[in-house]
Amino acid sequence: MKFFIDTANVEAIRRAHERGMVDGVTTNPTLVAKEGRDFRQIVEEIASFVKGPISLEVVSEDAEGMMKEARELNGWIDNAAIKIPMTWEGLKAVKMCAEEGIKTNVTLVFSPNQALLAAKAGATFVSPFIGRLDDVGHYGMQLVSDIVEIYNNYDFETEVIVASVRHPVHVYEAALIGADIVTMPPAVLDKMVNHPLTDVGIKRFLADWEKVRKVSR
Ligand code: G3P
C-alpha cells in the first residue's frame, strides 16, 4: 500500500519523508491557500526530495482551460499528476492528458459510477473522498470497496487513492479493502504509530534494564 501525504506544507512532508513514509503527495487549492506562499515555489521544494507522484490541481472549469493548466503544471516538475475535478469537461481533459502522457488524478469522486467514468477516460488515479461522505451520514469506505471491486472486475489500471482521510481507522479500513493508496494529513500518519501499551511496554523494559545494569560489570 502506498502512502501519500495530503498537504502543501513542505516541512510536514519532509518530516514524513525522513520517516520513510512518503510515496507521493497530494495538494488541492485549499491546502495550498493555507500556506500563503507561491504555488510553484512550494511544488519545486516538494519535488526536490519527493520522487513519487505529486498531485497539482487545475482550477479551470472547461476542458481547454484545464489542458492549458495541465501542460503548464506538468512542465514544472518531472513527477506531476494533474488533479482534475469529476465533471464532463474534466473527463475530456483526462482523456486528452492520457493521450499526451500526462498523469491525472480525478478528484471529488463520491460515487462508483463517477469512478467508472474516470477509469474509462484513462485516469492514472481516482480520489474518492471518504471523510466528506462520512460527514453527510454515508459510510464513505463502502465507496472505496465498490470502486476496488469494479476496477478488479475489468482490470482497469487506474489506481485508487483513498482521500479525505480523517483518522487512522480510515487507513486501517482502506488497507483491509486493498486500496492502492491512502493520502493522509500528516497528523493522521503521526497518530498511526501510537499505542498506549507500546508506551507502557517501553517504560517497563527500560525500568527492568536498569536492574540488569545494576548487577552487571
Ligand atoms: O486532497 C483532497 C482531500 O483529501 C480533502 O480532504 O479533509 O478537505 O475533506 P478534506
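User: Is Gly140 buried or exposed?

Analyst: Gly140 is buried, with a relative accessible area of 0%; buried means under 20% relative accessible area, exposed over 50%, and partly exposed in between (1.4 Å probe, protein chains only). This is a predicted model, in which local features need pLDDT of at least 70, side-chain atom pairs count only at pLDDT 80 or more, and totals for chains, interfaces and linings use all residues. Residues are numbered from 1 along each chain as its sequence is written, and side-chain values use heavy atoms, with hydrogens and water left out. Gly140 is found in helix H8; helices (H or I, at least four residues) and strands (E, at least two) are DSSP runs, numbered from the N terminus.

User: Which residues does Gly140 touch, apart from those up to four places away in sequence?

Analyst: Contact means heavy atoms within 4.5 Å. On that basis Gly140 touches Ile130, Leu133 and Asp134.

User: Which residues touch the most other members of the largest nonpolar core?

Analyst: In soluble globular proteins, nonpolar side chains tend to be buried together. A nonpolar core is a set of buried Ala, Val, Leu, Ile, Met, Phe, Trp, Tyr and Cys residues joined through side-chain atoms within 4.5 Å. Here the largest one has 61 residues, and Tyr151 and Val162 touch the most other members. Helix H8 (residues 140-154) gives the most to this core, with seven residues. A second, separate core of five residues includes Phe4, Ala81, Ile161 and Ile181. Leaving aside residues up to four places away in sequence, the contacts of Tyr151 include Ala115, Leu116, Val126 and Phe156.

User: Which residues of helix H1 are buried, and why do they line one face of the helix?

Analyst: An α-helix has 3.6 residues a turn, so residues three or four places apart point the same way. In H1 (residues 10-18) the buried residues are Val10, Ala12, Ile13 and Ala16. Seen down the axis of H1, they fall within an arc of 165°, so they line one face of the helix; the arc is that of the directions from the helix axis to the C-beta atoms. Their cover includes strand S1 (2-6), strand S2 (24-26), helix H3 (39-47) and helix H10 (186-192).

User: What lines the largest pocket?

Analyst: Rolling a probe the size of a water molecule over the atoms shows where empty space is left. On a 1 Å grid over the protein atoms alone, a pocket is an open set of points where a 1.4 Å probe fits, with protein on both sides within 12 Å along at least five of seven lines; lining residues have an atom within 4 Å of a point. The largest pocket is lined by 16 residues, of which Asp6, Asn28, Leu31, Arg132 and Ser164 lie nearest its centre. Helix H2 (residues 29-35) gives the most to this lining, with three residues.

User: Where is Ser164 found?

Analyst: Ser164 is found in the loop between strand S7 (159-162) and helix H9 (168-177). At 10% relative accessibility Ser164 counts as buried, and its phi is positive, about 60°, although Ser164 is not a glycine.
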